[in-house]
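Please open the model in your viewer and keep the selection panel at hand.

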Amino acid sequence: MANILIDSLMERISSAIDVNQSIGILLPGSNYQELIQALFERIKSKPDEAWIYVSVTKPFQNISKQLPFITEIKNIRFIDCISRAAGISKETKNVIFIESPTMLEKIGLEIMNIFKEVDPKTKKYLVIDSLTNLIIYNDPEIVTEFFNHIINRTRARDINTISLAIEEEGMESYLNRLIFLNDKILKIRDSFI
Amino acid sequence: MPETQLKEDELCETGIEKLDEMLGGGIPTGSTVLVVGSSGTGKTTLCMQYLINGAKKGERGVFFTITEPLFKLTKNLDSFSFYDKKLVESGMVNLIDLRIISERLGLDTEKYTVEDANALLDILRDIAEELNVKRLVIDSITALCYRLQTPEMIRDFIFKLGSSLASMSCTTLLTSEIPPCKFQYSQYGIEEFISDGILFLGDVERKGDLIRTFQIVKMRGASHDRTKTAMLISTKNGVELETLLRSRE
């Protein structure tokens with residue numbers, strides 16, 4: 001059952017990202033684990049693509065403990081915005097640690113610096129996990145500004161963007177405002193299972 | 001005076017991509033530029049990167065320090081990937097401790113008389129000329145002036161320094177220390193008047209964290225950007241500038 005769910009999610013993400021430059025995925029917290037697994041499976045299946053995964057939700061260590069296969073994926077770089085703030089300071093290959101999720105300019109700069117080193121012909125993808133957690137650590141207005149910058153810059157550089165928004169009570173208005181900046185919105189529902 | 005488009009050879013590229021873009025290509029050659037900021041804003045790193053980048057293009061430079069000993073300065077530099085020790089060993093980048101020069105000249109290192117200050121000015125100029133440097137940094141003008149005993153001496157010294165620098169063909173950065181969270185350009189209120197340009201390094205607070213900022217306040221002869229940007233410092237790339245997010249600033 002779990003495999004079917006993950007395969008279906010992978011399929012939905014793949015077909016959406018093939019035709020849209022940016023997609024926003026709105027999901028309930030209960031589907032978070034399956035969704036990121038589906039994303040990583042998708043990344044692993046396309047080794048010719050270049051991916052950046054910005055994590056504001058969980059420390060890299062935590063994600064890799066739950067999904068050990070991600071440490072073997074060669075075409076992904078992580079920007080971990082949460083470990084340093086959580087007091088985890090283990091240097092890890094392929095992971096850039098940002099001292100705090102409030103350092104939005106630094107997150108933006110690291111994204112662009114990594115993509116600058118990628119062959120221009122390679123298809124490039126960015127995942128922001130998640131807008132919800134960026135809002136927890138920052139004022140919603142500044143997250144909107146940050147996300148606008150990211151969307152505009154990635155569009156100009158032909159980079160596809162996937163941004164996750166985990167539904168949270170009291171945050172609907174902010175998340176809706178942000179998620180609608182994307183070209184396509186995928187709503188994942190519990191009923192989908 | 002209207003700003004005219006300067007030719008490439010009339011501009012001194014800092015080698016910091018976005019900064020050069022903001023400057024319209026670089027600092028007009030021969031300018032004296034004040035790099036203003038409080039402690040920890042990145043003045044020394046910015047100046048050092050400017051010198052090292054110049055040396056990599058074949059432009060010799062000199063860094064006069066009066067704020068920290070050379071061993072400390074080089075130890076800090078070692079962590080940056082832009083730093084190349086060979087440039088120092090080959091004499092393309094010269095690091096000089098002004099306190100040691102003062103001692104060798106027999107000057108009181110803590111308090112300068114008018115004669116001491118003049119002697120120091122002469123030696124600065126002689127070194128720059130002898131080494132044929134294209135880029136010069138004094139870190140910091142504030143610490144140098146601190147050793148002068150009266151406001152009149154400071155004023156006189158700064159004006160003489162300004163004339164000396166103007167007569168040399170090199171492009172100079174003078175660092176200026178200010179108290180935190182103050183929008184002022186210098187400690188003595190006169191350094192800015194001998195400067196052709198002012199680069200202001202500051203901070204903005206976001207949720208208790210400090211974000212470094214950068215702004216070109218003036219740059220004579222250049223059609224420059226005046227927007228406030230975020231300034232980031234990493235061991236990999238040194239100083240980098242990035243659009244500052246300003247909601248609720």
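Begin by showing chain B and chain A together, where the count between them is five salt bridges, a salt bridge being a side-chain nitrogen of Lys or Arg within 4 Å of a carboxyl oxygen of Asp or Glu. Select A:Asp139 and B:Lys207 to see their side chains meet in a salt bridge at 3.5 Å, N to O. This is a predicted model, in which local features need pLDDT of at least 70 and side-chain atom pairs count only at pLDDT 80 or more, while totals for chains, interfaces and linings use all residues. Residues are numbered from 1 along each chain as its sequence is written, chains are lettered from A and ligands numbered from 1 in the order in which they are written, and side-chain values use heavy atoms, with hydrogens and water left out.

Next, select the whole contact (heavy atoms within 4.5 Å), to which chain B gives 19 residues and chain A gives 20 residues.

Helices are DSSP runs of H or I with at least four residues, numbered from the N terminus. Among the residues that meet here are A:Leu104 and A:Ile107 in α4(A), and A:Ile142 and A:Phe146 in α6(A).

Finally, in chain B, select helix α6 (residues 114-131) and helix α8 (residues 151-167), whose axes are 11 Å apart at an angle of about 15°. Side chains to display include B:Leu121 in α6(B) and B:Phe157 in α8(B), which belong to the residues that meet there.

How values were computed
Helices (H or I, at least four residues) and strands (E, at least two) are DSSP runs, numbered from the N terminus. Axes are lines fitted to C-alpha atoms, for helices over the stretch in contact, and angles run from 0 to 180 degrees between N-to-C directions.
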